[in-house]
Amino acid sequence: MTFRPTLLALFFIAFSMVHAQEIKAPKFGDGILNLKGKDSTWSMKVGMQLQFQTLAQWDEDSSFSDAETNFLIRRARLKFDGFVYSPKLTYKIAIGLSNRDISGASKYTSNAPRYILDAVIKWNFYENFELWFGQTKLPGNRDDLISSGSLQLVDRSLLNTNYGLERDLGIQFRHHFQLSDEFIIKEAFAISQGEGRNITSGNIGGFQYTSRLELLPFGDFIKKGDYVGGDIYREHAPKLAIGASYDFNHNAVKTQSNRGSYMITDTGFYETNISTLFIDAMFKYRGFSLMAEYADRTADDPLAKNSDGSLTGDVVKIGSGLNFQAGYILKNNWEVSGRFTNIDFDKSITLKDFQNQYTIGVSKYILDHKLKVQSDVSYLAMNLSNDELLWRLQFAVHF
């Protein structure tokens, strides 16, 4: 019998609801259930994330009536987290239910649907030192590390689409310390398989190595707000976080490091070393927020080749990108925000021209990021093809 983790999770929630009279439900936004063992040796918080989106996309030579439209469930996820045996040994599980979450099955990964987003154990083994084991996000760019439920605009930027790192399976080491009363430094290092999430048939290329350093000169943000879109908590004093990440994927076999498509040759897989550098910053103060990111990706030999030297047609997406976004949240919890993203591919290799995207967004936070409505309009300028317009409207709820 095939094991279906989503069905098991749904059964668990249904069973819990049947006995709801015996369980005191938490307040909205703090999970569906908060369970704790009688002997305090385990805990589990059960949550759910839903995003419903409609969009319209058309090019500059067309009218809105000719737009390509779509209604979709952008994200539908079950989330579980808590501790086992000791509060120093925690876990996180996230299961995707929507087509966008589970699509991407490949014959190179046993055609398995990609149900599991996160399945990670975190061990705080000594003071401020932690070891993570399992599948979760790598310590890459800030936009990717911000939860999809806490984004300032409807979705992430083109910089993340083209250069961001995928979740991966491996080991991570985390540490932080205070340089002074306020100045905080955080470090992260990861070793992973290098092919993204839900790999079922072993490692094809080499390993992936990711490191990140963060500087917080004015202390921690409220409720980890350096990884929350917009200044939803209205920082009372200026707060700044500066981060830099470097990722090296040894003998990578995908076009976007551990993302994209596999590079296939007449003898198997094409392998090349891919390096990605990220530099980012987040500033917040009294409802105003500003986030900036830079990415640069290179490869030893970005053109995939067969054994006789002929090109396969697969190309590593090398180049650089810039992303700036800012917003201000009014006292009635309406936010106006904007974003500029520049993608500058290496045209001589990728044959792709630059992309400039301009986005204006409006959000209404009914209960912070747990219940919100967001809409944005984007204008994408491209040199080799018609410019495009994109309008999106999204309703999001996060139990």
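This is a short tour of selected sites in a predicted model.

**Stop 1: Q49**

Select Q49. This residue sits in strand β2, which spans residues 43-59. Is Q49 buried or exposed? Its relative accessibility is 1%, so Q49 counts as buried; the cut-off for buried is under 20%.

Now show side chains. The side chain of Q49 makes a polar contact of 3.1 Å with the side chain of K79. A polar contact with the side chain of S148 is also listed at 3.1 Å. Leaving aside residues up to four places away in sequence, Q49 touches R75, A76, R77, K79, S148, G149, V397 and H398.

**Stop 2**

Go to β13, residues 272-285. On one side, β13 is joined to β10 by 12 bridges, and the two run antiparallel. Pick Y246 here: L277 in β13 stands opposite.

Select I279 and you will find Y294 of β14 opposite.

β13 and β14 form a hairpin with 2 residues between them. R286 lies in that turn and has a positive phi of about 50°.

**Stop 3**

Beyond residues up to four places away in sequence, F278 touches G140, N141, Y163, G164, L165, G243, A244, S245, Y294 and A295.

Which residues make up the largest nonpolar core? Select these 12: L138, L158, L159, Y163, L165, A190, F278, A295, I343, F345, L380 and M382. Colour by element of secondary structure. Two or more residues come from each of α4 (158-163), β18 (334-345) and β20 (371-382). The most come from α4, which gives 3.

**Stop 4: two loop residues with positive phi**

Jump to K223, in the loop between β9 (208-216) and β10 (239-252). Its phi is near 50°, a positive value in a residue other than glycine. K223 has a relative accessible area of 60%, so it is exposed.

Finish at L351, in the loop between α5 (347-350) and β19 (355-367). Phi of this non-glycine residue is positive too, near 60°. With a relative accessible area of 68%, L351 is exposed.

Note on methods:
Residues are numbered from 1 along each chain as its sequence is written. This is a predicted model: local features need pLDDT of at least 70, side-chain atom pairs count only at pLDDT 80 or more; totals for chains, interfaces and linings use all residues. Side-chain values use heavy atoms; hydrogens and water are left out. Helices (H or I, at least four residues) and strands (E, at least two) are DSSP runs, numbered from the N terminus. Buried means under 20% relative accessible area, exposed over 50%, partly exposed in between (1.4 Å probe, protein chains only). A polar contact is a pair of N or O atoms within 3.5 Å; within protein, one must be able to donate a hydrogen and the other to accept it, and residues adjacent in sequence count only if both atoms are side-chain atoms. Contact means heavy atoms within 4.5 Å. A nonpolar core is a set of buried Ala, Val, Leu, Ile, Met, Phe, Trp, Tyr and Cys residues joined through side-chain atoms within 4.5 Å. Two strands pair if DSSP finds at least two bridges between them.
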